[in-house]
Amino acid sequence: MIRLGCIADDFTGATDLANNLVRAGMRTVQTFGVPEGAPAMEGMEAVVVALKSRTTPPEDAVAQSLRALEWLRAQGAGQIYFKYCSTFDSTPRGNIGPVAEALMAALGVDFTIATPAFPDNQRTVFKGYLFVGDALLSESGMRDHPLTPMTDANLVRVLQAQSSRPVGLIDYRAVAAGVSAIRARIDDLRRDGTGLAIVDAISNDDLLRLGEAVRDLPLVTGGSGLAIGLPANFGLRPSPMAARLPPPVGARAIVSGSCSQATLRQVRHYIDAGGAALAIDPARLLQGANPAMDEVERALAWARPRVAREPVLIYSSAPPDAVRQVQASLGADRAGALVEEALARIARGLVQAGVRQIVVAGGETSGACVQALGLTQLQIGAQIDPGVPWCHARGTDAYVPALHVALKSGNFGADDFFIRAFSLLEAG
């Protein structure tokens, strides 16, 4: 019987959430998709079901999320946590609002909160506005996101556009005043008929107060930051034992499909430091007799002789102007699908070539690679940077042995992330 059941809308976001739960002392297992039956959960206190629903049509995201909810409730989950990105990635159609409201209806609840705040990764919410570092969300690199461009930082407006229930705000004054003040504000909003409320948070202390204040809500929604305040509700405290993984072995590789500014800086830093790197050209995926496989094999032929002696980076990450050019010629959906499929095949080929430690950058890329590798469950380990832990996984077929995997959201990590990741794993 688990205490907390979590539904994440992409694979990197799921590990981000699981990482924060583990750091707060909650033994956590992550599954990819809704499991058939019950996974190995002995001693686990939380389960994070990772979906690939962030950018699917809203009706598909709702259906996937409701299946996950049904499974989690069957495992005894007492509270449900719907996790989305700390940059509130969505469009006026969804998927945050439609999924949150569907979960509310299934649970029979009339109110829940929403906050993507994660101060450790410079995501803060003030007066309902989301900041990325010192910039409004709408003035950050997210304004150029190829699938979910975020051009409004007012989260009340953003969530209201995709929700049928009234959306309100629990602002910093109530949050700073403490748990009782937050609960009083929740009571006021419920009496007024508000169904969802954005919550301000500019520090970890705010999230800790909020976590305690929502202990009795059947459903909470947010980025991964809120997770730091929930394990204490179950009497849990941080413990290093929760993050212990088997020792690493084998070759090392990085596969990057994210075009976020953070990942672009990480790619450039890795190359400038002398790291072995190869760029995938999306346009070449359409050239030749068997274009996609030709490009995949070109990348693997480059990588195979190198991985035995050094980490390699294979990437399609590109600046916004270059991404727009490819989308203009191929179409956004087709370009994205081609790149994801190619990188997923490359990841599988790298593992077959002896890679046993792999970093994957980008939510959509991570989802495609996890599926190609047949991974079904992760043991969550220590973090590399806020929101990105090393994990241990085993594939479902003979071609994919036990692996150490880091699934990095495109927006996360310091500039030297790719270089430090492997040394931190070696250090244990």
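Helix axes are lines fitted to C-alpha atoms over the stretch in contact, and angles run from 0 to 180 degrees between N-to-C directions. The model is predicted: local features need pLDDT of at least 70 and side-chain atom pairs pLDDT 80 or more, while totals for chains, interfaces and linings use all residues. Residues are numbered from 1 along each chain as its sequence is written, and side-chain values use heavy atoms, without hydrogens and water.

**View 1. Packing of helix 6 against helix 7.** Helix 6 spans residues 179-191 and helix 7 spans residues 204-213; helices (H or I, at least four residues) and strands (E, at least two) are DSSP runs numbered from the N terminus. Their axes lie 9 Å apart and meet at an angle of about 60°. Helix 6 is therefore oblique to helix 7 (under 35 degrees is roughly parallel, over 145 roughly antiparallel, 65 to 115 roughly perpendicular, the rest oblique). Helix 6 contributes Val179, Ile182 and Arg183 to the contact, and helix 7 contributes Arg209, Leu210, Glu212 and Ala213 (contact means heavy atoms within 4.5 Å).

**View 2. Asn233 and its contacts.** Asn233 belongs to the loop that runs between strand 11 (219-222) and strand 12 (251-256). With a relative accessibility of 14%, Asn233 counts as buried (buried is under 20% relative accessible area, exposed over 50%, partly exposed in between; 1.4 Å probe, protein chains only). Leaving aside residues up to four places away in sequence, Asn233 touches Gly211, Glu212 and Arg215. Glu212 also takes part in the contact of helix 7 with helix 6.

**View 3. Packing of helix 8 against helix 13.** The axes of helix 8 (residues 261-272) and helix 13 (residues 417-427) are 8 Å apart, and the packing angle is about 75°. Helix 8 is thus roughly perpendicular to helix 13. On the side of helix 8, the contact is formed by Thr263, Gln266, Val267, His269 and Tyr270; on the side of helix 13, by Phe417, Phe418 and Ile419.

**View 4. The aromatic pair Phe126 and Tyr172.** The count for this model comes to 8 aromatic pairs (rings of Phe, Tyr and Trp, the last by its six-membered ring, pair if their centres lie within 6.5 Å; planes under 30 degrees apart are stacked, over 60 edge-to-face, the rest tilted). The ring centres of Phe126 and Tyr172 are 4.8 Å apart and the planes stand at 35°, so this pair is tilted. Because Phe126 lies in strand 6 (residues 123-126) and Tyr172 in helix 5 (residues 172-177), the pair ties together parts that are 46 residues apart in sequence. Phe126 is partly exposed, at 36% relative accessible area, and Tyr172 is partly exposed as well, at 34%.

**View 5. Phe417 and Phe418.** The rings of these two residues have centres 6.1 Å apart and planes at 75°, so the pair is edge-to-face. Phe417 is buried at 0% relative accessibility, and Phe418 is buried with a relative accessible area of 1%. Lys408 is placed over the face of Phe417, 6.0 Å from the ring centre (such a charge has NZ of Lys or CZ of Arg within 6 Å of the centre and within 35 degrees of the ring normal). Arg252 likewise lies over the face of Phe422, at 5.9 Å.

**View 6. Helix 12 and Lys52.** Helix 12 covers residues 363-373; 9 of its 11 residues are buried, so the helix is largely enclosed by the rest of the structure. Among the buried residues are Glu364, Gly367 and Ala368, and these three are also touched by Lys52. Gly374, with a positive phi near 70°, follows the helix. Lys52 itself sits in the loop between strand 3 (46-50) and helix 2 (58-74) and is partly exposed, at 22%. Further contacts of Lys52 include Asp9, Phe11 and Glu340.

View 7. Phe88 is buried, at 0%, and ring pairs link Phe82, Tyr84 and Phe88 into a cluster. Asn95 lies in the loop between strand 4 and helix 3 (96-107); a cis peptide bond, with omega about 15°, joins Gly94 to Asn95.
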